[in-house]
Each structure stands twice: as C-alpha cells, then as structure tokens.
Amino acid sequence: MATAFSATLPLHGSSQENRLLLPPTRLPPPSSFLGSTRSLPIRRLNHAHAARRSPVVAVQEIVKEKKPTNSLLITKEEGLVLYEDMILGRSFEDMCAQMYYRGKMFGFVHLYNGQEAVSTGFIKLLTKSDSVVSTYRDHVHALSKGVSARAVMSELFGKVTGCCRGQGGSMHMFSKEHNMLGGFAFIGEGIPVATGAAFTSKYKREVLKQDCDDVTVAFFGDGTCNNGQFYECLNMAALYKLPIIFVVENNLWAIGMSHLRSTSDPEIWKKGPAFGMPGVHVDGMDVLKVREVAKEAVSRARRGEGPTLVECETYRFRGHSLADPDELRDAAEKAKYAARDPITALKKYLIENKLANEGELKTIEKKIDDLVEEAVEFADASPQPGRSQLLENVFADPKGFGIGPDGRYRCEDPKFTEGTAQV
Amino acid sequence: IREKMWGILRQRGIDGGGLSLRRTRSALVSARSYAAGSKEMTVRDALNSAIDEEMSADPKVFVMGEEVGQYQGAYKITKGLLEKYGPERVYDTPITEAGFTGIGVGAAYAGLKPVVEFMTFNFSMQAIDHIINSAAKSNYMSAGQINVPIVFRGPNGAAAGVGAQHSQCYAAWYASVPGLKVLAPYSAEDARGLLKAAIRDPDPVVFLENELLYGESFPISEEALDSSFCLPIGKAKIEREGKDVTIVTFSKMVGFALKAAEKLAEEGISAEVINLRSIRPLDRETINASVRKTSRLVTVEEGFPQHGVCAEICASVVEESFSYLDAPVERIAGADVPMPYAANLERLALPQVEDIVRAAKRACYRSK
C-alpha cells in the first residue's frame, strides 16, 4: 500500500532513475554551494547518496566492530588525557558549587556534573583552531577546549583576570585564542552562530583559497531540539554541506520539563536524516563510545562531507542550576544514572585493561585538586574590574566614524574634517 | 554660492509644482555642496554600487538574504551581484531569518564580513535575538576579544499600502541598544557613503533604508562616485541652513522636511533641516549647536511616537540646551496605531509636509 513514506523520494522517481546508475564522475561537478543554478537536481541526488551511504550509523555498530578484535579503543596516553579532563570538569564544577554557597559566585550558575563524557569525548579530538559553541552550561566546554581553570574561575568570580575580564560571567565564556565562541544564554542561539563559524571555514577554503579544514562543534540540550532555530540550521548546514557537528546533550530534562513531556518524537537522532545528514544516538555516559562517534563525525566534517547530528544520552547529577531545587526528578532515575558515572566507568576501564594503575590515577586527581584550589586562590586574590571598564568595549571602533580607505580609524586622521565629503 | 543658488531658483521659477520643486531642491543641494556635478543616481543604484565596490575590494565581504541572488534582490538592490561574484559570495537563503542571521553573526565572529539583507526590517523581528544578543553584545561580553563586523540592511518603515505588519519603523528599537550602530540614509550620496562605511566598520551596523526612496534620483558628485568614498558614522548633515527653527529628521522625512522648509520660506520662516544620517551614535553636537542658533526645534520621524527617536532628541536638547529654547520642542511622529491599509487612513497615519509646516509655525508662535 502506498503510504506517505513511499512518496518521500519524488525527485528520484522513474524519470531520473537512470541518473542513479551513472557513476558520479560522469556528471558535471556540481558547485558545493547550493546557490549554483547548474546541476540542482543532481546535487540533491548526491545528498541522498551521501545520506544513504553515510558511514555513520547507529554507534553500537561501530563499537561492536571494534570490540571483537580485542584491540583497545585508546592508548595509555589518550586514556590519561581523557581521565584528567573529566576529573578537571568534575572537580571544577564541585568547587563552583562550594563557592556559590559561600557567596563568592553569583547569578546563574549551571553545572555540568555527569555530562563530562560528552565534552571530553568531543573536544579532546579538536585542534586549537576548531571552534566550540555552547550554551549556558559552558564551564567544562571552555576547560576542555583549553581555557585555563584560573581564567574560568576568575570570570565566575567577576574579576578582571577572567577570560572575559568579568564582563561575561558564567553563561558567556568567550575565548578568541582557544576558539571558544561562547557561552549563550538563549537556548538555540548558539546553533546558528556555530553554523556561521562552520560556514566561515568552508568560505575560507573555497573562496579565499586558504588551507582550512576547521570544524565547529555545537553543544546544546534536548530542550533546544524543539526550537525553530535548530531546524533552520539543520536545513542550512545540510544544504551548504558545512563542517559542523551538532551535539545534543540529551539529559532528559529542560529545567523541570521532561523531554518526554515536551517532544512529539523524543528520538532526536532521527531528525538528522530528515534533513539529509546522518543522525547518531550514543551513550553519553561512556566517554569511549562518545569518542568513537566523535572521531567519525569530525573526520567526516574535515573531509567536507557535511554535518552530523549526534544525540548523546546523558544526565546531569545536579539540578538545572544552583538555584534549582531539583524536586521533579525521580530518585530512582538519578540513582540509575549515578551508577553509570562516566568517570568511574573510565577508571574501571583503564584499570581492567591495565592501561593505568590506581596510583597514577590518584596522582592525576591530586594534581587536579591542587589546580582547582590554586584557581580559586588566584581568583580570590584578583582585583575586581576598574570603574573605567564599564564603558569599554561596547564597540570595537568607539569613535564611531568608521575605518577610512587607508585602513585606519578615520578620526585618527588629522585631515579628517577636510575629508571625502562635506558634512 | 548663495547668490548663485537664489539665481537658479529665480531662473527655474517656483511654481509649486512637485517636479520643479524637486529640481530646484536638487539644484540647491548641488549648488551648495558640490563644485560641479550634475549626475544623478537613484538610491537603488547607489546601494548596488556600494555593495559591488566593497565586495570587489575585500573578498571577505559576502551577501546573504532572501532573493538576493537569482531574483536579483527583492527590491533589485543586489542586481547583478550573483553574475559578477558567483554563488560563493551571494547566497540565496531559505526563509529562515533566525537561522541565516545567526549564521551571518557566526561568520562575523570567525572573521568574515557578511552583509545580511532582510526583505524588510519587519522580518528582522524573527532574528532580533541574533542582532541584539549575539551581535551587539558580543564585543562587550567577550571584553573586546570578539568583534562582529556585520551589516544588517533592508527597507524600514512604511511603504505604500502594505499594511500593519510590513510598515513598522525600527529605528527606535535598534538605536536603544548599546553595541549597535544604526544608520538611516536619505539621498544617494548618503546611501553610498554610509553603506561603504558600514561594511568597513568593525562593529554590527543596522542599515535602515526606505523602500519609497529606492527609486528616487539624487544628484551625486564625482567624489561620491569614487570607490574609496565613505561618510563618517555619527555625523549628521545640515541639508539646508536656516535661522528660525531647526527641523531634525532622518530617512524619507528629510525629503518632506525640505519641502516643508520651502513652504515655510514663502512665509518668511527660515528653517534649518538636519539629516541625522546616524541614529546611533546620535550626533547630539550638531543638533544642539543648531538649536542654540535657532532656539526652536521640530523633530520628525515616521515611527511610533512613544519612546521614539524624536523622544530621545527632545530629551537630549532639553538636557543640554534648555536655556536656549524659546518654545517647547515639537515632535511629529507617525500615528500611535498599527498602520492601516486604506490609502486615506495611511496618509493620516504618517507625517505629511503640512504637519511639519504646522509644527514649525507653532514653534515660531506664528499659528493658533
């Protein structure tokens, strides 16, 4: 019986079936930018091709492929790096909670406890020039990307030594050096910005002819997946084949709104193929599984094959923010996920597979404890911003006269009033 | 130059006809401001040439918006750009304002210089989160690390009979946000110079055009046609000098104010007309200097009256030049209603030349 689903491929109907049989090399190379007027239907075919022969399928298959061969997923060095990063994320967030209750930190603070596997799994595969865009739960993303614990802690305390000199706060971690492009308070706001950063990477390669294969990773939550901007960007990222990975940190709760109560189809990974990109579901409490999926998604993006949607099933051990009493979540659910703590799981893996011993791991934990303590002391000792900082940095070019033809600010040119036009 | 100006007026004869009135105004402007130059250019061509020149000068500039490519622009502003620069630099987007505005902002974060077109600024409300939260505030929130060299442009304000949802003026909304620069050109020279300055500017710029001005021709000088021509952001222009009353306005209302100034001149009131050009930063010095000279102020805008641009100008003048004022400041704005469709009601809802003339006379204590 002909259902709606059998009609999903009208473009690839009988009249164009023969084109499917032609090897791609025989067709004129389509421009990668959809604005090209030539070869439009052909490119749609290629899209479908890409989606169908995408190497990224449900992650369980990839992991299953690896396990039987008995080779480990990571080396010792990689394992220790992952462990250290996750311990840093956890200790830092625990320290944030302490500092908040002592009054050193204020405003909205959203902690990442329990979700470290997602951040570590993805960001530790990126280079310095790759970009990360996050939401308000961004402390650990900034730390994983390379922003120092001191800078993040000072930013949270509102001190001038913070990564944004105290102007941004908990929800707005920006670092140009490490390409951490924020830190956005509105959910869904970061997704188009991340898509734009990926767009730039492609533009640099194709228009400016620079050697650029930077990818962008956009982190956001399950609540965001009901927001219009998410769908707009899935569409455009697939349309323009941008090097971006959309990572959904599905922790099942948007403040107090359960994902199942607010979403018609709760399986978010399915929304990827609807737009022509692979959608993957992965256990976000297992850093190794996340890392395997991330490797595939990142290399796909670097090769120019386009975006991927990765849904990580994860859980936040604390409430939405430090002001959230967290009464709606069931204790049994919390216990179930607490038993799957990603740090404990990795520790167990490392020890069982003889990649590290207890002593080495304890050393790492101690090192991180000292680091976080030192970050707190540093932040405590740092001064608050000076009064003049209130009015600084509203504009990059504050005098408001723009840049002249010689590339310098016009107002600095002594002959400015004789200028190019009478005023 | 003044003698020459009046000479031209006498030659052409002021018969009150619209066409000759415009010619005389153009002659006034061209005789006053430029040494030579009687070339005319429409605002549409001015904008097109500005974008074209900036795109050829800097490969990081690209255009993005609905119908900007194959359709040659919803109002034909981006005509010919797709053929010249290719689809890699002129993007026809899907109808996703929030999405493509965010993509533009993200591209600006990463170093490119997007020119994002909104089919009208009414549609920018779907993307206003990105204009304000991720573009305007970023340089501040990141303490100077991330600047956003983006231009948001498109027609703003009322057109002819397009109804309430297509006729709002957004100057006041965007101009209230620190971190944005808001420009409103009037003539072809303004359009060219300000758009070039906006594209070169390292901060987010909201560029409010006017659909009804697109087809109007203005004289343009040789220096304005030069590809390095730029107008400074934040400086107003005194379109017509006078000594009795100051009329401050922007965009299409400048044309109306100039016509009103002609009518007032017949009655012996010499009006100074200031074209703001830049709503943020507002050129308070020029406005206040003019008010100190004339002692009377009439502000005109097309948008809603409450919390409008005129309110800010009046407050600024009262704060800085109170003792110079001889009369209460007059505010002419659009009616405090969503724009009606019927042609006669629309005419009533927008300021007309007669309203400006009446207000100026009230300010000069010449009417009841």
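Two strands count as paired here if DSSP finds at least two bridges between them. The model shown in every view is predicted.

**View 1. A seven-stranded open sheet in chain B.** The strands of this chain B sheet run in the order 3-2-4-5-7-6-12, with mixed pairing. From one strand to the next, the twist averages 20°. Strand 4 (residues 113-117) and strand 5 (residues 151-155) of chain B make a parallel pair, which spans three bridges. In this pair, Val115(B) has Val151(B) of strand 5 as its bridge partner. A helix from chain A also packs on the sheet: helix 8 (residues 190-206) of chain A touches strand 2 (61-65) and strand 3 of chain B. Its direction makes about 130° with that of strand 2 of chain B.

View 2. Helix 9 (residues 188-200) of chain B lies across strand 2, strand 4, strand 5, strand 6 (181-183) and strand 7 (205-209) of chain B. The helix runs at about 160° to strand 7 of chain B. For residues 41-216 of chain B, UniProt lists "domain: Transketolase-like pyrimidine-binding" in an unreviewed entry. Over that range the chain is 36% helix and 16% strand. The end C-alpha atoms of residues 41-216 are 8 Å apart.

**View 3. A five-stranded open sheet in chain B.** The order here is 9-11-10-13-14 in chain B, and the pairing is mixed. Strand 9 (237-240) and strand 14 (330-332) of chain B are the edges, and each pairs on one side only. The twist averages 25° from one strand to the next. Strand 13 (residues 297-300) pairs with strand 14 of chain B in the parallel sense, over three bridges. Val300(B) has Ile332(B) of strand 14 as its bridge partner. Helix 15 (residues 353-363) of chain B packs on this sheet. The helix touches strand 10 (245-249), strand 13 and strand 14 of chain B, and its direction makes about 175° with that of strand 14.

**View 4. Helix 4 against helix 15 in chain A.** What angle do the axes of helix 4 (residues 76-101) and helix 15 (residues 358-381) of chain A make where they cross? They cross at roughly 40° and come within 9 Å. Angles under 35° would count as roughly parallel, so helix 4 of chain A is oblique to helix 15 of chain A. The crossing of helix 4 past helix 15 of chain A is right-handed. On the helix 4 side, the contact residues include Leu80(A), Tyr83(A), Ile87(A), Phe92(A) and Met95(A). On the helix 15 side, they include Leu361(A), Ile364(A), Ile368(A), Leu371(A) and Val376(A). By class, this contact between helix 4 and helix 15 of chain A has 13 nonpolar, one polar and seven charged residues. Among the charged ones are Lys76(A) and Glu84(A) of helix 4 and Glu360(A) and Lys367(A) of helix 15.

**View 5. Helix 4 against helix 14 in chain A.** Helix 4 of chain A also packs with helix 14 (residues 342-352) of chain A, at an angle of about 155° and with the axes 10 Å apart. Helix 4 of chain A is therefore roughly antiparallel to helix 14 of chain A. This crossing is left-handed. Helix 4 of chain A contributes Gly79(A), Leu82(A), Tyr83(A), Met86(A), Ile87(A) and Arg90(A). Helix 14 of chain A answers with Pro342(A), Ile343(A), Leu346(A), Lys347(A) and Leu350(A). By class, the contact of helix 4 with helix 14 of chain A has eight nonpolar, one polar and two charged residues.

View 6. UniProt places a "coiled-coil region" at residues 354-381 of chain A, in an unreviewed entry. That stretch is 86% helix and 0% strand, with its end C-alpha atoms 42 Å apart. The unreviewed UniProt annotation "domain: Dehydrogenase E1 component" covers residues 85-385 of chain A. Over residues 85-385, chain A is 46% helix and 12% strand, and the end C-alpha atoms are 30 Å apart.

View 7. The peptide bond from Gly182(A) to Gly183(A) is cis, with omega near 15°. Gly183(A) sits in the loop between strand 3 (180-181) and helix 8 of chain A. In chain B, a cis peptide bond joins Arg280(B) to Pro281(B), with omega about 0°. Pro281(B) belongs to the loop between strand 12 and helix 12 (284-294) of chain B. Gln72(B) is not a glycine, yet has a positive phi of about 65°. Gln72(B) lies in the loop between strand 2 and helix 4 (81-85) of chain B.

How values were computed. Residues numbered from 1 in each chain as written. Chains lettered and ligands numbered in written order. Predicted model: local features only at pLDDT ≥ 70, side-chain atom pairs only at ≥ 80, totals over all residues. Heavy atoms only, no water. Axes fitted to C-alpha atoms, helices over the stretch in contact; angles between N-to-C directions. Helix = DSSP H or I, 4+ residues; strand = E, 2+ residues; numbered from the N terminus. Parallel < 35°, antiparallel > 145°, perpendicular 65-115°, else oblique. Left-handed = near helix turned anticlockwise from the far one by under 90°. Contact = heavy atoms within 4.5 Å. UniProt positions renumbered as here; feature names shortened; annotations may be inferred.
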